[in-house]
Amino acid sequence: MRIWLQLSFVVVVLLVVVFQSSEAYGYGGISHEIGKKIDRINKMGPYLGIVVPNSFEMDPLLQSPSFVADEKFPFLDFSGRRFRFGELANEKVIVVMTGLSMLNAGIATQLLLILFKVKGVVHYGIAGNANPNLQVGDVTVPQYWAHTGLWNWQRYGFGQNDELALESNGDYTRTIGYLRFSDYNNVTDQNGKRGGNFLNNVWHQPEEIFPVYGTPEVRQHAFWVPVDKHYFTVAKKLKNLKLGSCVNTTCLPRTPVVVRVKRGISANVFVDNSAYRSFLNTKFNATSIDMESAAIALVCLQQKTPFIAIRSLSDLAGGGSALSNEANIFSSLAAQNAVDAVVRFITLLY
């Protein structure tokens, strides 16, 4: 009996040791070691999450004298992401790079909010410009964000008065509006009218969301997602922020400014087409065009976390401005202007 009890004790100890030292790779879980680090990190929180698309936009922030990396926990790698810890403008922050696209932005933000004690999210980067009244280098702070890449592509021969496929079940809607491809045909008939187009119409759709404050598996819908009201109010104080206007000896026609705008949009599309840019501006009153912000906004909406996005304009999407190849010349300036705005914003926030 004594031997059996001793053997049982040894087995239990071995199981505990194995569990604590395993990485649980097969199930995508958090290892005991990583879990302990996360616990220690969260005890020093809460943090402000800083979410940025790529290293080109992140490096100016990491190199800024306003950012001081944490000496004990400079970073934690988990699930393909590196979460950097430190202080920015004397505020505790976690910086994470998402990578290109809505999917990557959503995954990185969800991990950030699940793993760590985060009190708010500030997203920043560069963006295409759909508003010809603004210029390269201007920093925009949209009040609302939408994902405009979720479509119901209507079959040829059907129009605005015809019900969409699966519209009757509530899966799709015609309330937001559509893009009619024939409006952009180059060929017209003898009366000067554009003919039909086999691509017909695409109808913009809202996202299905499942907020933490809702009922599991009961969907809600969201198209225009507002940023946090307090954050947006604070952003008004950025109006007179001094921004850079030159790259080496090449300077912009005027000094860039920070401006709060009504709407920004995101989709898994790099927009370098003036006709589509004009459509987005006319249809949605959109200014900033990017590939990540709306995904982060949607995750924060569902996780009930304050959010704002600050995007510096790197080019007039599709060209047409007096600045030839503006994105190639001024992207670094736009990235630095975005960082300067973020640092100042955080200084004003708390």
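This is a predicted model: local features need pLDDT of at least 70, side-chain atom pairs count only at pLDDT 80 or more; totals for chains, interfaces and linings use all residues.
View A. In soluble globular proteins, nonpolar side chains tend to be buried together.

**View B. The surroundings of L112.** Beyond its neighbours within four places in sequence, L112 contacts G49, V51, F83, I94, V96, V118 and V121.

**View C. A tilted ring pair, F223 and F284.** The whole structure holds 13 aromatic pairs. In the one shown here, the ring centres of F223 and F284 are 5.9 Å apart and the planes meet at 45°, so the pair counts as tilted. F223 belongs to the loop between β12 (220-222) and β13 (225-226), while F284 belongs to helix α6 (residues 274-284), so the pair ties together parts 61 residues apart in sequence. Both partners are buried: F223 has a relative accessibility of 9%, and F284 has a relative accessible area of 3%.

**View D. An edge-to-face pair, W224 and F284.** F284 also pairs with W224: the ring centres are again 5.9 Å apart, but the planes lie at 70°, so this pair is edge-to-face. Distant parts of the chain are linked here too, since W224 sits in the loop between β12 and β13 and F284 in helix α6, 60 residues away. W224 is partly exposed, at 23% relative accessible area. Stepping back, ring pairs join F223, W224, Y276, F279 and F284 into a cluster.

**View E. Two arginines over aromatic rings.** R263 places its charged end over the ring of W224, 4.2 Å from the centre. In another pairing, R82 lies over the face of F75, at 3.9 Å from the ring centre.

View F. T148 sits in the loop between β7 (139-147) and β8 (151-154). Is this threonine buried or exposed? T148 has a relative accessible area of 3%, and because buried means under 20%, T148 is buried. Apart from its neighbours within four places in sequence, T148 contacts H204, F223, I265, S266, A267, Y276 and F284.

How values were computed: Residues are numbered from 1 along each chain as its sequence is written. Side-chain values use heavy atoms; hydrogens and water are left out. Helices (H or I, at least four residues) and strands (E, at least two) are DSSP runs, numbered from the N terminus. Buried means under 20% relative accessible area, exposed over 50%, partly exposed in between (1.4 Å probe, protein chains only). Contact means heavy atoms within 4.5 Å. Rings of Phe, Tyr and Trp (its six-membered ring) pair if their centres lie within 6.5 Å; planes under 30 degrees apart count as stacked, over 60 as edge-to-face and the rest as tilted. A charge sits over a ring if NZ of Lys or CZ of Arg is within 6 Å of the ring centre and within 35 degrees of the ring normal.
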